[in-house]
Amino acid sequence: MGVRSAVKWPDFFCQHLKLLLSLTRKIIRCFSIEFSPFTTLKAKNQFQHDAAKIAFNERHRQTIHHNISRYDVAVERGYHRFKEIDVTKKQAAFIKRAMLAEWDEYLIQFERNITKHGVKVLWARDANEAIQHIKALLTEHQATLVVKSKSMTTEEIAFNEELQAVGCESVETDLGEFIVQVAGEKPYHIVTPAMHKSKEDIAQLFHEKFNTPSTSTPEELTLYVRSFLREQFLKADIGVTGANFLIADIGAVAVTENEGNALMSTSFPKLHLVIAGIEKVIPSFDHLGVIQPLLATLGTGQQVTAYNTIFSGPRLSNEGDGPDEMVVILMDNGRTTVYEDTESAQALACIRCGACLNACPVYKTIGGYTYHSTYSGPIGSVITPFFEGWKKMGHLSFACSLCGKCADVCPVEIPLPDLLLTNRKKVVEKKGRPFLEKELFKGFQWIAESRTRFDFLPFWVKNVISYPFNFVGWGPKRKMPVFRQSFTKQWMKNNKIRIS
Ligand code: SF4
């Protein structure tokens, strides 16, 4: 039998088609573009795809800019209430770093002191362990309804979805969180979860879901939610909160909020369950006096948040309301991995004020959902790769123009752009860069190092070379600039300099 007749043509064809597809995919990856249907939209491509789409959504941009500009005005006013805002920021930064220097000690101190008040403390290494603890509590209390105040830590562990899977309803009680829950969405922003929605969007959403008039005003909608939630507070078996701060010296949990919903969530149900990240610990009650006003001003532009509650244990025998039982779950879920990295450990000083998100030009352009992570914006881009893995989320380190505004506003002086740069270094060390990108940059470096080489090619050649970038990476809504004259010549002309 001849060699040719031994070849099965369908197999041969399939193998070569596969080879061709894999080659195409590699070339596409070199240019870092997404080209469906040959590529699946993995996290990075999904990010680029969503960013390119939302960045040109005028309505989205207008809503975000409108909401952030109101925040900016309020924060500016808030700054003036401090005698010396920079000194207060330095104090807050010092407190959080002092905590990090003896993190384990303060956590143990917190556990010891809060346990004395009759609170049970459970430790969770990751989301899975936290969920196991929560499910055990649900069974113990035969819970079918949970009311929950705003907590990003519960978002990390997909709390609502996990409860739904075991037949327990979890109702969000913060107005913003309630809106996104009704819409079937995740929080858009760590402080203002429904920032991407206008009042008209919300009126329409409530009209569809609850049959309220589509012309309802924000006040009318708030009253509707208020009366709806009152019933839930009374019926709920468990009230869940996060923690803004875990106070080590007095053994208590500080929660700061504007609507009183955390207070309500913990007043009626029999169990108050706190789910907190272990970085929330602060050494002393006195430190709240420095950090809480900063959180209020940088978070929402307020002098002080409307409700600041210190929970130190279940209801005492002489008290009329409050839970019979209080449990605190202290969750790691990647935080100690951040701590192991000497530089990035500073990110654990974050008090989740959200100021860096509001300042970030990238966040303001691509919005919160494009990140596809619990924490978005600059701080999200720093910590998410540690939490969810470098392979999946390392690309977030590049979602930054390094303008530095996030570091300027941060109340605890986290050098976010520096941390993003070290993240980028890690991504390159772990994954390397695409071959073509490396070679192109080497070539560009060689050309850029010499003025003669830079000006050697005529403009039409440069325009021909740059033209394909209109289709790859640069995005369909932008055009590459057309070269007409070298920078040197333009500069000389503008400054009226002549070369003799
Ligand atoms: S990194 Fe700083 S600015 Fe950003 S949320 Fe945390 S504390 Fe606020």
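Q: Which cut-offs decide whether a residue is buried or exposed?
A: Relative accessible area sets the class, with a 1.4 Å probe and protein chains only. Buried means under 20%, exposed over 50%, and partly exposed in between. This is a predicted model, in which local features need pLDDT of at least 70, side-chain atom pairs count only at pLDDT 80 or more, and totals for chains, interfaces and linings use all residues. Residues are numbered from 1 along each chain as its sequence is written, and side-chain values use heavy atoms, without hydrogens and water. For burial, then, the cut-offs are under 20% and over 50%.

Q: Is Q142 buried or exposed?
A: Q142 lies in the loop between α7 (127-140) and β2 (145-148); helices (H or I, at least four residues) and strands (E, at least two) are DSSP runs, numbered from the N terminus. Its phi is positive, near 45°, and the residue is not a glycine. Because its relative accessibility is 68%, Q142 counts as exposed.

Q: What is the relative accessible area of A158?
A: A158 lies in the loop between α8 (152-156) and α9 (159-165). Its phi is positive, about 50°, although A158 is not a glycine. A158 is partly exposed, and its relative accessible area is 25%.

Q: How many disulfides does a search of the whole structure find?
A: A disulfide is a pair of cysteine sulfur atoms within 2.5 Å. The sulfur of C360 has its closest cysteine sulfur in C400, at 6.5 Å, so the two are too far apart for a bond. Across the whole structure, the number of disulfides found is zero.
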